[in-house]
Amino acid sequence: MQNRPGMDKKIISEAFADRSKLEAARQEILNTIEALDKGQVRVAQKIDGSWQVNTWVKEAILLYFSLTSMQLWEAAPYQYRDKIPLKSQLEAAQVRNVPPGTVRYGAFMAPGSILMAGYVNIGAYVDVDTMVDTWTVVGSCAQIGANVHLSAGVVIGGVLEPAGARPVIVEKNCFIGANSVIVEGALIEEDSVIGAGVTITGSTHIIDVTKSTPITYKGYVPAHSIVIPGTRTRQFPAGNYDLPCALIIGRHESGNDSKTCLNQALRDFGEAK
């Protein structure tokens with residue numbers, strides 16, 4: 001991402017390395033957070049098929065906390081005290097926010113996106129026509145693609161530090177089932193269906209069991225995957241124990257209903273009997 005007027009990544013990175021330069025970088029930092037809020041810059045973006053982190057943008061977010069002071073304000077009957085205000089002008093942005101849904105300033109929600117009493121943190125990017133369902137958390141810097149459904153109780157982890165680390169990414173047309181947890185910079189590639197209660201971390205074994213020989217992935221779910229919770233047995237000095245993992249049990253074709261594909265895969269796999 002190229003520098004934009006008033007957002008010089010060199011000035012921001014120098015201030016991040018040397019806090020004595022913080023005040024000199026103030027306007028660059030404030031401009032960057034405003035641009036994040038408007039979706040004009042992003043913490044990470046896909047370039048030539050690969051996700052790249054804009055480290056200087058994450059540095060600007062971290063520096064922003066040093067520039068702001070605690071504020072007290074009310075949105076009756078709620079009272080807030082924080083260093084970052086809430087996102088405003090949701091009507092102009094064509095965003096639906098159901099009380100008590102909370103979006104922090106510096107997070108972007110695209111037109112047609114819906115927040116059902118969940119939480120979206122600074123640096124996050126939520127693309128068009130995406131549903132953030134009830135009590136779902138979209139953590140700092142998470143990148144959520146278009147036409148995604150994050151079901152009730154989903155946790156999309158925040159990855160703000162270290163600044164160069166990849167955030168959690170859910171690409172377009174994904175369905176994330178209720179109470180699933182996606183953290184530690186995990187990547188869910190497009191058109192994937194994650195069943196209820198799946199936990200995916202940076203080290204979770206994601207095992208494709210659709211062929212005669214299993215294939216194991218870590219840190220990402222390949223495109224079009226249908227995933228459910230599973231276990232794998234591991235030997236310890238005290239005996240054999242089952243550890244949680246995720247199982248790829250089928251493929252989701254683009255354009256098909258995600259819930260239908262998941263239910264059919266469960267039937268085919270014998271889980272829905």
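In this predicted model, strand 15 (residues 155-156) and strand 18 (residues 181-182) pair in the parallel sense over 2 bridges. Within this pairing, Ile156 stands opposite Ile182 of strand 18.

Both strands belong to an open sheet of 6 strands, whose order is 6-9-12-15-18-21 and whose pairing is parallel. In general, strands of a sheet pair through backbone hydrogen bonds, either parallel or antiparallel.

A helix pair may be described next. Helix 1 (residues 9-17) packs against helix 3 (residues 55-67) at an angle of about 55°, and their axes are 9 Å apart. Helix 1 is therefore oblique to helix 3. The crossing of helix 1 past helix 3 is left-handed. The residues that make the contact are listed below.

| Helix | Contact residues |
|---|---|
| Helix 1 | Lys9, Ile12, Ser13, Ala15, Phe16 |
| Helix 3 | Trp56, Glu59, Ala60, Leu62, Leu63 |

The whole structure contains 5 aromatic pairs. One of them is formed by Tyr64 and Tyr105, a tilted pair with 6.5 Å centre to centre and 55° between the planes. This pair links distant parts of the chain, since Tyr64 lies in helix 3 and Tyr105 in the loop between strand 6 and strand 7 (108-109), 41 residues apart.

Technical notes. Residues are numbered from 1 along each chain as its sequence is written. This is a predicted model: local features need pLDDT of at least 70, side-chain atom pairs count only at pLDDT 80 or more; totals for chains, interfaces and linings use all residues. Side-chain values use heavy atoms; hydrogens and water are left out. Two strands pair if DSSP finds at least two bridges between them. Helices (H or I, at least four residues) and strands (E, at least two) are DSSP runs, numbered from the N terminus. Axes are lines fitted to C-alpha atoms, for helices over the stretch in contact, and angles run from 0 to 180 degrees between N-to-C directions. Angles under 35 degrees count as roughly parallel, over 145 as roughly antiparallel, 65 to 115 as roughly perpendicular and the rest as oblique. A crossing is left-handed if the near helix is turned anticlockwise from the far one by less than a right angle, and right-handed if clockwise. Contact means heavy atoms within 4.5 Å. Rings of Phe, Tyr and Trp (its six-membered ring) pair if their centres lie within 6.5 Å; planes under 30 degrees apart count as stacked, over 60 as edge-to-face and the rest as tilted.
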